[in-house]
Amino acid sequence: MKDRIQQRARDLGFDACRITTASPPESHPRFQQWLADQRHGHMTYLQRNSSKRLDPDRVLPGAKTIVTLAVSYGDSPPTPGSPRRTALAVDSTPSAPTPPAGPAGVLARYARFTDYHQVLAHPLQALARWIDQLGGPGTRSLWYIDTGPVLERDLAQRAGLGFIGKHTNLIHRHLGNWILLAEILTTLKIEPDSPEKNRCGSCTRCLAACPTAAITAPFQLDARRCISYLTIELKEPIPLELRPAIGNRIFGCDDCLSVCPWNRFAHAGALMKNHARADLAEPDLVELLALDDLGFKRRFAGTPILRAKRRGFLRNVCVALGNVGGAPALPALQRCADDPDPLIAEHAGWAIRRVQARARLTGDS
Ligand code: B12
Ligand code: SF4
Ligand code: SF4
């Protein structure tokens, strides 16, 4: 039965599929300690549904098995002699991107695709229905990707899908860490696979690469310092002391993932590769500042960037311009300093002061 499910998952385009039981994840005490230390910041949903995260039976009563799945959003390594392909070589958008006139912002790799929650919903639903049919009458299955009350990486590690690296993300031995996780909880009993062990060895590259020292120790992330949290999840002002380290990142961060040596085995997966959005490769920061609410929704329709909403996103763009912008960015920042939303206005004011201070130092007008 397990072979048939794994084969069906492959046929649907998933890059890896492993099975674990629906028993509570062993990381129970660590997760509770993380919450107790307030390392989740304002992500109160993690606290609110923590009892479900710690017991799959509370999510699907009678659950026996969790089918864990990985989807690669990585890139294939170059073949010898060929030029290095850009990180996201596939363009599913009709218009080719034009290089930005001003400084460009950086979006996390996963955000330069159509929203994976949308792309993967159909194959996940298809696999869950297929498992229900395989199990026969009375079998119930629930699928989740990211947003469910499930400790996805811990369960995936127990299923042997990969190991949790010191940067706290799951690494698959043949796909690297550019993978998204999903799972199907089911009442069907299936023989579990054996867990994967950690393979970081003495490497500490990800800890050294983190611009904000958010990985406070191996396997320990203080989300409140993580640029991904600050630019996506935080709805409030970004703490002043962390703004300079954000550089020109305007949505998410990949620094700890990019340096991981296990990515040498990464390759593009079937499900995401045709959903890359080339228009998001190098967005012009000054142009982004001109987006009104409707313009923002149109520009980023179908992408994960909508999650930040215009106010959060423009806040991030202001921070990026404060870090890398020059005098030509000042008129656009000035308009944002008058934005009715105080969040945008305050960050624009901060950016103006930084740009002006830099211009004074370099003698630019
Ligand atoms: C909240 C959340 C965040 C938060 C917190 C991140 C975090 N590390 O927990 C923020 C907003 C910062 C975030 C950022 C990102 N996220 Co996120 N996030 C989640 C979410 C919704 C919950 C994670 C969670 O429960 N955290 C709880 C805390 C306690 O986990 P932790 O700090 O990692 O600690 C655990 C482990 O490290 C473990 N552990 C294992 N071994 C050891 C050993 C020791 C000694 C210790 C102490 C602990 C330990 O114990 C802890 C308890 O579980 C999951 C989806 C899901 N439902 O699971 C996606 C998820 C983890 N995110 C994902 C992604 C892609 C990202 C980003 C790469 C996005 C980006 N490019 O900006 C970054 C990566 C940042 C990073 N270094 O982790 C993917 C990761 C895929 C993968 N390969 O693992 C997930 C699984 C979503 C998905 N379905 O694909 N994310
Ligand atoms: S995503 Fe960026 S800020 Fe967050 S832990 Fe990784 S390197 Fe640090
Ligand atoms: S960079 Fe090194 S320490 Fe960090 S997750 Fe990868 S192998 Fe582990």
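How many nonpolar, polar and charged residues does the shell around ligand 1 have? The legends below take up this shell and other parts of a predicted model.

**View 1. The shell around ligand 1 by class.** This shell has 22 nonpolar residues, 9 polar residues and 8 charged residues. It is made up of 39 residues around the ligand. Glu152, Leu170, Leu181, Ser228 and Cys253 come nearest to ligand 1.

**View 2. Polar atoms beside ligand 1.** Which atoms of aspartate 154 and threonine 168 lie 3.0 Å from an oxygen atom of ligand 1? For aspartate 154, it is a polar side-chain atom. For threonine 168, it is an N or O atom in the side chain. Histidine 167 uses its backbone instead: an N or O atom there lies 3.0 Å from a nitrogen atom of ligand 1. Several elements give two or more residues to the shell around ligand 1. The helices among them are α2 (28-36), α3 (44-48), α7 (152-159), α9 (227-233) and α10 (255-258). The strands are β7 (179-186) and β9 (220-221).

View 3. The protein chain is divided into domain 1 (2-89 + 110-186) and domain 2 (205-259 + 279-362). Each domain is written as two stretches of the chain. The C-alpha centres of the two domains lie 28 Å apart.

**View 4. The interface of domain 1 and domain 2.** Here 24 residues of domain 1 are in contact with 27 residues of domain 2. The size of an interface is often given as the accessible area lost when the parts come together. Between domain 1 and domain 2, the buried area is about 2100 Å². Carbon and sulfur atoms give 62% of this area. How many salt bridges does the rule find across the interface? The count is 0. For polar contact, the rule finds 8 residue pairs across the interface, both residues at pLDDT 80 or more. On the side of domain 1 that touches domain 2, there are 8 nonpolar, 11 polar and 5 charged residues.

Key
Residues are numbered from 1 along each chain as its sequence is written. Chains are lettered from A and ligands numbered from 1 in the order in which they are written. This is a predicted model: local features need pLDDT of at least 70, side-chain atom pairs count only at pLDDT 80 or more; totals for chains, interfaces and linings use all residues. Side-chain values use heavy atoms; hydrogens and water are left out. A residue is near a molecule or strand if one of its heavy atoms lies within 4 Å of it. A polar contact is a pair of N or O atoms within 3.5 Å; within protein, one must be able to donate a hydrogen and the other to accept it, and residues adjacent in sequence count only if both atoms are side-chain atoms. Helices (H or I, at least four residues) and strands (E, at least two) are DSSP runs, numbered from the N terminus. Ala, Val, Leu, Ile, Met, Phe, Trp, Tyr, Cys and Pro count as nonpolar, Asp, Glu, Lys and Arg as charged, and the others, Gly among them, as polar. Domain bounds come from an automatic or database domain assignment. Contact means heavy atoms within 4.5 Å. Buried area is the accessible area (1.4 Å probe) that two parts lose on being put together, summed over both. A salt bridge is a side-chain nitrogen of Lys or Arg within 4 Å of a carboxyl oxygen of Asp or Glu.
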